[in-house]
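The exercises below are to be worked with the sequence and the 3D structure at hand. Try each task before reading its solution.

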Amino acid sequence: MPTAHNEAKIGEISNIVLMSGDPLRAKYIAEKYLNDYKLVNDVRGMYAYTGYYKDKRITVMGHGMGMPSIGIYAYELYKFYNVDTIIRMGSCGTHDKNIKLGDTVLATSVNTPSNFSMEMFDKDIKELNAFDDINFIIKSVAKKNNIELKEEVVTTSSVFDVYFEHIKNNEEYKILEMEAFALFLIAHELKKECACLLTVVDEAYSTNQISSEDREKNLNNMILIALESALEL
């Protein structure tokens with residue numbers, strides 16, 4: 001049966017799901033890249049579309065902002081919809097001057113200052129490694145498509161702007177976002193797989209930013225890598 005947050009019927013969601021924080025980015029990807037796609041969920045405006053990229057059946061879906069939001073959707077996809085792999089396609093900020101606006105980042109591990117793992121699974125986990133097999137595919141796809149991919153440790157925070165200011169002079173933290181740790185935690189606990197691709201949209205060392213419209217539509221290197229990687233899963 002559909003969950004309280006997802007009205008898709010069992011079988012309407014692929015075992016491979018590409019997820020973005022913004023549900024409008026999922027809509028954009030479906031309309032631009034998928035064939036024979038169908039809207040399978042719009043509860044609370046969290047769009048999910050299932051269709052075909054080339055000959056591969058995949059689902060693209062929003063997950064909202066923050067660990068509680070992605071935690072709900074990822075857990076239900078893995079637990080109730082027979083999803084095996086989720087690739088997050090998100091945005092992030094950086095205070096490392098070697099990382100620029102528009103750069104594409106692949107998470108090699110994720111850490112968090114939050115107590116999310118204790119609340120969800122009663123375990124004190126603060127850091128998790130990426131899944132080597134899927135990261136290997138993603139790196140190969142990026143190389144094949146001549147897209148530079150920066151491999152970085154990612155920090156997931158429950159807050160963004162204030163925490164970003166707090167840590168911006170700390171060399172340990174190069175990349176900050178708000179969802180990846182929850183996704184990795186749930187994948188590890190449920191014996192599933194995931195990966196996290198990010199596009200840099202904020203620089204703490206400058207006033208440069210990518211507009212909200214560009215965040216929705218013009219993160220195409222990251223999207224292409226995720227779609228092409230899905231073909232090999």
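The model used here is a predicted one.

**Exercise 1. Backbone angles**

Solution. 

Solution. 
- Step 1. D122 also is not a glycine, and its phi is positive, about 55°.
- Step 2. The loop between α3 (116-121) and β7 (127-129) holds D122.
- Step 3. With a relative accessible area of 62%, D122 is exposed.

**Exercise 2. Cysteines**

Task: How many disulfides does the whole structure have? Then examine C92 and C196.

Solution. 
- Step 1. Recall the bond in question: a disulfide is a covalent bond between the sulfur atoms of two cysteines.
- Step 2. A search of the whole structure finds 0 disulfides.
- Step 3. For C92, the nearest cysteine sulfur is that of C196, 8.1 Å away. A disulfide needs the two sulfur atoms within 2.5 Å, so C92 is in no disulfide.
- Step 4. Starting from C196, the nearest cysteine sulfur is that of C92, again at 8.1 Å, and C196 is in no disulfide.
- Step 5. Check accessibility, where buried means under 20%. C92 has 1% relative accessibility and counts as buried; C196 has 0% and counts as buried too.

**Exercise 3. A helix pair**

Task: Describe how α1 and α8 pack: what are the angle and the axis distance, and which residues meet?

Solution. 
- Step 1. Helix α1 covers residues 23-33 and helix α8 covers residues 220-230.
- Step 2. The two helices pack at an angle of about 65°, and their axes are 12 Å apart.
- Step 3. Angles of 65 to 115 degrees count as roughly perpendicular, so α1 and α8 are roughly perpendicular to each other.
- Step 4. The crossing of α1 past α8 is right-handed.
- Step 5. On the α1 side, R25, Y28, I29 and Y33 take part; they meet N220, M222, I223 and L227 of α8.
- Step 6. Sorted by type, the residues of this contact are 6 nonpolar, 1 polar and 1 charged.

How values were computed
Residues are numbered from 1 along each chain as its sequence is written. This is a predicted model: local features need pLDDT of at least 70, side-chain atom pairs count only at pLDDT 80 or more; totals for chains, interfaces and linings use all residues. Side-chain values use heavy atoms; hydrogens and water are left out. Helices (H or I, at least four residues) and strands (E, at least two) are DSSP runs, numbered from the N terminus. Buried means under 20% relative accessible area, exposed over 50%, partly exposed in between (1.4 Å probe, protein chains only). Axes are lines fitted to C-alpha atoms, for helices over the stretch in contact, and angles run from 0 to 180 degrees between N-to-C directions. Angles under 35 degrees count as roughly parallel, over 145 as roughly antiparallel, 65 to 115 as roughly perpendicular and the rest as oblique. A crossing is left-handed if the near helix is turned anticlockwise from the far one by less than a right angle, and right-handed if clockwise. Contact means heavy atoms within 4.5 Å. Ala, Val, Leu, Ile, Met, Phe, Trp, Tyr, Cys and Pro count as nonpolar, Asp, Glu, Lys and Arg as charged, and the others, Gly among them, as polar.
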